[in-house]
Amino acid sequence: MALASTTTPPLPLRPLSSATDLTFSTMDADANADVWQWLTVCRDTQSLTPSIWDYVRAYGRTYHRYKAGAYPFPNDAQERERLDMQHLIIKALFDSRNYFAPLKRPTRILDIGCGTGKWCIEMAKEFPKARVEGIDLSPIQPNNTPINCHFFIDDVRRKEWFHPAEPFTYIHTRFSTGIYRDFRRIIQKGFNNLEPGGWMESQEIFTKVYCDDGTMPSDYPLLEWQQRSDEAAMAMGKPLRIANKVKMWYEQCGFLDVKEEVFAIPINAWNSCPRYKMLGKFFRWNICQGLHAWTVEYFCSVLGWTEVEVEVYLARLRMAVADKRVHAYYRVYVVWGRKPRLDEPPSKVPKPPSWPQELPEDDEEDDEVHYL
C-alpha cells in the first residue's frame, strides 16, 4: 500500500546516536519560521542552519560541508543524478531486489551513507510499518518522503556509534569503497546497533577490472586508472578494495548465518546477453558520468596532477570504457549476516588481535581530515 507523502519536511525526530549535538535532521533551508523557531529550542536535535548547504567548492564541483573532507567525492547535481541512476542499475543487477537478508517484519531500518535516499524511500514503501532512517554527510535527500522515512546528517565514524541508543532490525551499506580507514569498524558498529536476531547487509563493488577471455590488453587505460586510484586511496588511508573481505569480516565480528553472493556487471554493452547488454549500456554511462568525481581529488591532491591534466586523461579514459572489443567487467559483492539471538551461543569465529576497538576520542582522526 502506498503511503502518503509529507508536503513539508517533518520535524526532526530523536537522533540516531547519543551525540545529540552533532546529529541533524534534514530540513529545507526555506522551511517556515515556526519550524526554525522550534528547532532552535529543541534540546535533543541541533537545528540545521543554512550554512549546511554552503558546500565546499573545488575543481568546479561541490562537496559536503559537515565533516568536510571525510568523503572525497562530490555531492552536486551531476553526482546526484549519477547516484540515482546507479541505484536503478544495481537494483536491476539484483533482479529488482533491494536486499538479500531474510527480512520478515522489520521495525527499524538504517541505511549508512544513504546518498540521495532512493533505497530508503523504496524500503519505507515496502515496509510501511517500519521506521526507515538514512544517515549521510550531505543533505541531498528529498523533502517529500513517506511518513515512515527519515533522513539525518550524521557521521557513523563517531565513537558514539559504539553505544547504541535504540537497536535496529536491519542495517544496510552500499558502495563504501574509499570512505573509511577501516570498514571493520563500521561492521562492528552495525553489530552493536542491531537488536539480537537483527540483520546487517553490505552491497559493495570490488574495484578491480576483470576480463575472462583475454580481450583486455595489459595497457588498457581503465586498468591503469584503477591502479592509480588504488594508490591514491591507500595514500589517503581509505582503501578501495574491501568488497572481497567483507564476508570474512562479518564472521570475525560475530555474525551468524553469513552469506555471500557475487555479481558481475560489464563496463559497457559488449555482452551478447540482452540483459547484460542493457546493464552494460547504463553502467558505461554511470562510469563516464562518475569518472571526474572519482578521479579529480585523488589525482590532484594525492598524485600531484593539475586539473587540466586530469581532464585530458579522462577524455582518453572515456573512449576506452566505450570500446566493446574489451570484455571487461566489475564484481559486486553482497554479504549479509545475523546477530545472535539471546537464546543462542555466540559465533565461534575468533576476532583477530588487530580487530578495531572503541577509541577514547572520535574515530579515525575525524578532526584531522581536511579537504584540499
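Here is a short chat about helices, strands and cores in this predicted model.

Colleague: What makes β8 largely enclosed by the rest of the structure?

Modeller: Buried means under 20% relative accessible area. In strand β8 (residues 194-211), 13 of the 18 residues are buried, so the rest of the structure largely encloses the strand.

Colleague: How do you know that β8 pairs with β7, and in which sense?

Modeller: Pairing takes at least two bridges between two strands. Strand β7 (residues 168-174) and β8 have six bridges, so they count as paired, in the parallel sense. His172, for instance, stands opposite Glu201 in β8. With helix α4 (residues 183-192), the two strands make a right-handed β-α-β unit.

Colleague: And what about β8 and β10?

Modeller: That pair is antiparallel, over 10 bridges. There, Glu204 has Tyr333 in β10 as its bridge partner.

Colleague: Which residues touch the most other members of the largest nonpolar core?

Modeller: They are Met123, Tyr170, Tyr220, Leu222, Trp225 and Tyr330, out of 65 residues in that core. Helix α7 gives the largest share of this core, 11 residues. Another core, of 25 residues, lies apart from it and includes Phe183 and Val246.

Key: Residues numbered from 1 in each chain as written. Predicted model: local features only at pLDDT ≥ 70, side-chain atom pairs only at ≥ 80, totals over all residues. Heavy atoms only, no water. Buried < 20%, exposed > 50% of the residue type's maximum accessible area, 1.4 Å probe, protein only. Helix = DSSP H or I, 4+ residues; strand = E, 2+ residues; numbered from the N terminus. Right-handed = clockwise from strand over helix to strand, strands pointing away. Core = buried A, V, L, I, M, F, W, Y, C linked by side-chain atoms within 4.5 Å.
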